[in-house]
Amino acid sequence: STSLLKLVSELSKFISNYDISKPKKLFKNEYWKSEIWDYINSTNTFLTNVVNNFESQKYFIQDVSHELKTPLMQIDSTIELLEEKVDDEKVLKKLKNIKTITSNINNIISSLSFLLRWEEKWVNFEEIDLNIYLNNFILDYKDLLKQKNLEIKIEENSNFKIKSNKYYLDRLFWNLLSNAIYYNNWSSLIIISISKPIVSIKDFWIWISKDDLEKITNRFYRSNDSNIYNSSWNWLWLSIVKKVCDIFNYDLSLKSELWEGSEFSINFKI
């Protein structure tokens with residue numbers, strides 16, 4: 001009947017728009033002892049189970065992240081003590097490598113926490129000059145760039161300011177730049193281009209296959225063939241970039257060519 005088709009259509013739309021990270025009330029079932037009652041009831045049960053599983057996984061990751069922070073802090077403090085007492089350059093180099101690894105683990109933990117339980121700090125906007133911001137921002141990468149003999153070049157084709165939140169902007173560019181640095185070739189170049197209203201980050205090493213272009217911002221997605229030189233590429237960093245862009249309604253786009261590299265662009269819609 002027409003009413004039944006309408007009901008099915010409403011239920012279908014409800015399921016399509018259901019966001020397990022922001023669960024809403026279940027579909028109202030007022031059709032006791034009717035043909036559709038079991039169908040609606042099963043759908044609501046399924047959605048409830050999905051939400052519960054999602055919440056369980058979220059809290060599990062949060063608990064694990066919390067438990068990992070203490071031993072990582074202990075490792076860092078122990079390394080600092082050893083660095084003060086050790087003179088052997090080879091040992092100091094190994095200690096530095098351990099420190100870098102623990103720092104990377106800490107960053108991964110922070111990234112997981114951000115994805116699973118982001119704080120609403122974005123409501124506090126401030127005016128940010130992107131030219132000044134990015135020139136200052138890359139200074140934090142000085143040591144890492146030196147290790148891989150990489151260079152970051154900023155091309156300032158225009159000047160522009162945005163109203164945003166530095167907390168999230170830091171995460172946006174930290175993850176884009178970390179991605180470009182970590183997966184880039186040694187002795188290579190990264191170009192940051194500022195052309196109002198777009199900021200792009202281009203590397204000359206990473207290649208992403210067309211099959212992966214639509215999946216790269218999916219949380220925990222891993223590809224076996226996106227980067228011809230690195231078959232274990234993890235997209236966690238890029239899922240955070242996508243999260244920030246969604247929060248502020250920025251447009252994220254990507255161009256990738258074999259042997260030429262990849263270019264991530266953020267349109268701030270000024």
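Colleague: What sits over the ring of Y167?

Modeller: The charged end of R171, 3.9 Å from the ring centre. The rule for a charge over a ring is NZ of Lys or CZ of Arg within 6 Å of the ring centre and within 35 degrees of the ring normal. K202 also lies over a ring face, that of F204, at 5.1 Å from the centre.

Colleague: And what kind of model is this?

Modeller: It's a predicted one, where local features need pLDDT of at least 70 and side-chain atom pairs count only at pLDDT 80 or more, while totals for chains, interfaces and linings use all residues. Numbering starts from 1 along each chain as its sequence is written, and side-chain values use heavy atoms, with hydrogens and water left out.

Colleague: OK, aromatics. How many pairs does a search of the whole structure find?

Modeller: 12 aromatic pairs. Rings of Phe, Tyr and Trp (its six-membered ring) pair if their centres lie within 6.5 Å; planes under 30 degrees apart are stacked, over 60 edge-to-face, and the rest tilted. Y167 belongs to an aromatic cluster whose members include F125, Y133, F173, F248 and F268.

Colleague: How are F125 and F248 arranged?

Modeller: Their ring centres are 5.9 Å apart and the planes are at 90 degrees, so that pair is edge-to-face. F125 is in the loop between α3 (89-116) and β1 (126-129), and F248 is in helix α7 (residues 236-248), so the pair ties together parts 123 residues apart in sequence. Helices (H or I, at least four residues) and strands (E, at least two) are DSSP runs, numbered from the N terminus.

Colleague: Are those two buried or exposed?

Modeller: F248 is buried at 12% relative accessible area, whereas F125 is partly exposed at 46%. Buried means under 20%, exposed over 50%, and partly exposed in between, with a 1.4 Å probe and protein chains only.

Colleague: Switching to the sheet: what's the strand order?

Modeller: It's an open sheet of 5 strands, β2-β4-β5-β7-β6, with mixed pairing. The edges are β2 (151-156) and β6 (251-257), each pairing on one side only. Two strands pair if DSSP finds at least two bridges between them.

Colleague: How do β6 and β7 run?

Modeller: Antiparallel, with 7 bridges joining β6 to β7 (residues 261-267). E257 stands opposite G261 in β7.

Colleague: Which helix packs on the sheet?

Modeller: Helix α6 (residues 166-182) does, touching β2, β4 (189-195), β5 (198-202) and β7. The direction of α6 makes about 25 degrees with that of β5. Contact means heavy atoms within 4.5 Å, and axes are lines fitted to C-alpha atoms, for helices over the stretch in contact, with angles from 0 to 180 degrees between N-to-C directions.

Colleague: Now over to α2. What is N44 in contact with?

Modeller: Leaving aside neighbours within four places in sequence, L26 and F27. N44 lies in helix α2 (residues 37-85) and is buried, at 9% relative accessible area.

Colleague: And L68?

Modeller: L68 is found in helix α2 too, and counts as partly exposed at 38% relative accessibility. L68 and N106 are 38 residues apart in sequence, with their C-alpha atoms 8.6 Å apart.

Colleague: Last one: how many helices and strands does the protein chain have?

Modeller: 7 helices and 7 strands. Of the 270 residues in the chain, 36% count as buried.
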